[in-house]
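Dear colleague,

Please find the structure below.

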Amino acid sequence: MYIRSASAVSPQASFNQMLSTPAVYTGDKLNCIEPDYSKYIDPKLIRRMSRIIKMGVAAAMEALKDAELSMPDAIITGTAYGCLADTDAFLSRMVEFNEELLSPTSFIQSTHNTVGAQIALMLHCHHYNNTYVHRGSSFEAAVLDTQSLLEEGEAENILVGAVDEIIENSHAIISRFGIYKESESNKLLNSGTDGTMAGEGASFFVFSKNKEQNSIAKLEDVKTYYKTGRKAENIIHNFLMENNVPVENLDLIILGNNGDSKTDEHYNTVAQHLFGGKRLVGYKNYCGEYPTSSAFALWMATMMIEHGKKINNATSPKKILIYNNYKLKYPSLYLLSAC
Amino acid sequence: MDKQELMQRLKEQIIKQLKLEGTKPESIGDHDPLFVEGLGLDSIDALELIVLLQQEYKIKLNNAEQGQEVFRSVSTMADFIMERQAKQV
């Protein structure tokens, strides 16, 4: 399947700015730089939307515009946490008002499929609409569903994306597990201590079955696993073999290391044993760690192919492998080629 | 609190409850229709207004039809609240 467009609302203002002067964050999280939503959303609708809905809608509308597509054949979304702000508001009111006087808006918009549904409402799109909530493989599940629909001929063009947000309460709760640390995002990947920085983002893509004039890249393959027990080197090696791609043919490998010494060892082993420490680049210094961050990596890879720009001396990559392993439980692989 | 003060307070509460950013209390006329025309509110907003009445004034609507009459304008809302409060005394 082919990627016709990619768009992201992320802690980086834009891809070009990320290359030249990436936004640097100090603390334990990276928050999104939000666009002017009035460009994408009717003011009458915007008042009810929480931040994650606005982020998702903006990324989706931008992806559709870039693909010059007005109506997708399906909308598929992945999210681990869903609409946390509305869930937080709804649950807080349940406690505050003894389970009475609940705000209907927060209730309606607290469900995980709100972003996909809101996009469909705005487009008047009555086609297939599904949201996958599979923790660290939510986006991968959405992409696999996309692949199935396209291969079975059920759709020609699909809007697919992932959204996850940080809110104050959820960040405080997750922080109790000791997985975040204070750092500077530009030094995160080499910090060498326990913990990482939290992240968030909304990334959307238009995938098509056939190569179009404006196709950017071909997604050759995608695979995801859960607590596989197999060595990462074997998984990646087999994935490349299945696609007849020798390691030396890869121009760039995007890895999901996040600066946490407890998990970075895993990536270091892969980097050294499989790739000889060459042609590697991380991405979580740009977006932070979150369950659907692989969507940001796919956006970054697509943009790199489109713009032919360079990061870490990898010039104009034509073939890119993405390997992320969220919490070392959800290994996922993407193989992209320039069109 | 007289009706004028109550209507001013209601306008501020409606703006806050319905997140009508950019709308000022003085731009809502006392007798302006709240739904379809005027503020252009919809059925979800009606539910939010029911919650507002319960939360701020401890008043429950007896039936859905009553809402059409009560929520016609800020003035009808104020009349309804004052009538209920008088009965409670």
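The second largest pocket has a volume of about 420 Å³, where a volume is the space filled by probe spheres set on grid points joined across faces, edges and corners. Here a pocket is an open set of points on a 1 Å grid over the protein atoms alone, where a 1.4 Å probe fits, with protein on both sides within 12 Å along at least five of seven lines; lining residues have an atom within 4 Å of a point. Of the 25 residues lining the second largest pocket, Ala6(A), Ser7(A), Ala8(A), Glu62(A) and Asp66(A) are the closest to its centre. S1(A) gives the largest share of this lining, 6 residues (strands are DSSP runs of E, at least two residues, and helices runs of H or I, at least four, numbered from the N terminus).

This is a predicted model, in which local features need pLDDT of at least 70 and side-chain atom pairs pLDDT 80 or more, whereas totals for chains, interfaces and linings use all residues. Residues are numbered from 1 along each chain as written, chains are lettered from A and ligands numbered from 1 in written order, and side-chain values use heavy atoms, without hydrogens and water.

The largest pocket has a volume of about 670 Å³. Among the residues closest to its centre are Arg93(A) and Lys16(B).

At the interface, 10 residues of chain A are in contact (heavy atoms within 4.5 Å) with 12 residues of chain B. Three salt bridges cross it (a side-chain nitrogen of Lys or Arg within 4 Å of a carboxyl oxygen of Asp or Glu); Arg47(A) and Asp45(B) form a salt bridge at 2.8 Å, N to O.

With kind regards
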